[in-house]
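Dear colleague,

I am passing on the structure we spoke about, together with some notes on what was found in it. Please look through the structure first and then read the notes alongside it.

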Amino acid sequence: MRQLVAYLRVSTGTQGKSGLGIEAQREAVQRFANAENCELIGEQVEIETGKGADALDRRPQLAAALAQARKAKAAVCVAKLDRLSRDVHFISGLMAHKVPFVVAELGADADPFMLHLYAALAEKERALIAQRTRDALAAKKAQGARLGNRTNLAEAQVKGAAAMRTAADAFAANVLPIIRQIEASGIRGDRAIAAALNARGIRTARGGHWHRTTVRNLLARSNAE
């Protein structure tokens, strides 16, 4: 029976927008394992925030998944390819670790060449969208249009605050299952939970370390929903 280490990832501020929340990814990986008669021997959950000089610098749980899979001679399984990356260079770097990757969405037969191909297509699509946006803005500016709306600052501020609340709620919804797992292991108290989150390499919504107050605030936000 093939063994798998699940890797689940969300990015701060974008959780849930595309149906790729932690629970949705977990269910997708579990369905794949059941269908392919594979055994899940571990799970690493990443709440990625900020940027690092190297991708693995800001993804300690991905590094942990690679290490666990390498030791067990298993594969790392993700729900969708973009849970790893849409960047071809990053995908190539992961392949250099000599640990096989399985993408549930693509099926068990997707080889490294296919992963590179799908990543290249996603990267090209992003570049085309960005270029079309730049071209459209440049055309409007050439026609004399004033870009940006300077008359509704108050409305923009309200929308910005609402967007920040939505992002905070989404972040809390994705971290809460991890906290419940920590509590289920026998760890209690905000300070102890904060230490456990830091030990797992999970960052706060602003990319910092957890403290007693940040855990308490997140739990309060979750309870208020």
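Cys 77 counts as buried, at 0% relative accessibility, where buried means under 20% relative accessible area, exposed over 50% and partly exposed in between, with a 1.4 Å probe and protein chains only. Cys 38 is buried as well, with a relative accessible area of 14%. A search of the whole structure finds zero disulfides, a disulfide being taken as a pair of cysteine sulfur atoms within 2.5 Å. For Cys 38, the nearest cysteine sulfur is that of Cys 77, 7.7 Å away.

Before going further, please keep in mind that this is a predicted model, in which local features need pLDDT of at least 70 and side-chain atom pairs count only at pLDDT 80 or more, while totals for chains, interfaces and linings use all residues. Residues are numbered from 1 along each chain as its sequence is written, and side-chain values use heavy atoms, with hydrogens and water left out.

As for the overall layout, the protein has seven helices and four strands, which follow the pattern β-α-β-α-β-α-β-α-α-α-α along the sequence; helices (H or I, at least four residues) and strands (E, at least two) are DSSP runs, numbered from the N terminus. Of the 225 residues in the protein, 36% are buried. The accessible surface comes to about 13,100 Å², and 54% of it belongs to carbon and sulfur atoms, the areas coming from the Shrake-Rupley method with a 1.4 Å probe and, for residues, with only the protein chains shown counting as cover.

The four strands form an open sheet in the order E2-E1-E3-E4, with parallel pairing, and two strands are said to pair if DSSP finds at least two bridges between them. Strand E2 (39-48) and strand E4 (101-103) stand at the edges with a single partner strand each, so one side of each is left without a neighbour in the sheet. From one strand to the next, the twist averages 25°; axes are lines fitted to C-alpha atoms, for helices over the stretch in contact, and angles run from 0 to 180 degrees between N-to-C directions.

With strand E3 (residues 75-78), E1 pairs in the parallel sense over three bridges, and here the bridge partner of Leu 4 is Ala 75. Eight of the nine residues of E1 are buried, so E1 is largely enclosed by the rest of the structure. Helix H2 (residues 60-72) lies across E1, E2, E3 and E4 and runs at about 165° to E2, contact meaning heavy atoms within 4.5 Å.

Finally, helix H6 (residues 190-199) has Ile 193, Ala 194, Ala 196 and Leu 197 as its buried residues. These cover an arc of only 160° around the axis, which puts them on the same side of H6, the arc being that of the directions from the helix axis to the C-beta atoms. The face of H6 turned away from this buried side carries the exposed residues Arg 191 and Ala 199, and just after H6, Gly 201 takes a positive phi of about 80°.

With best wishes
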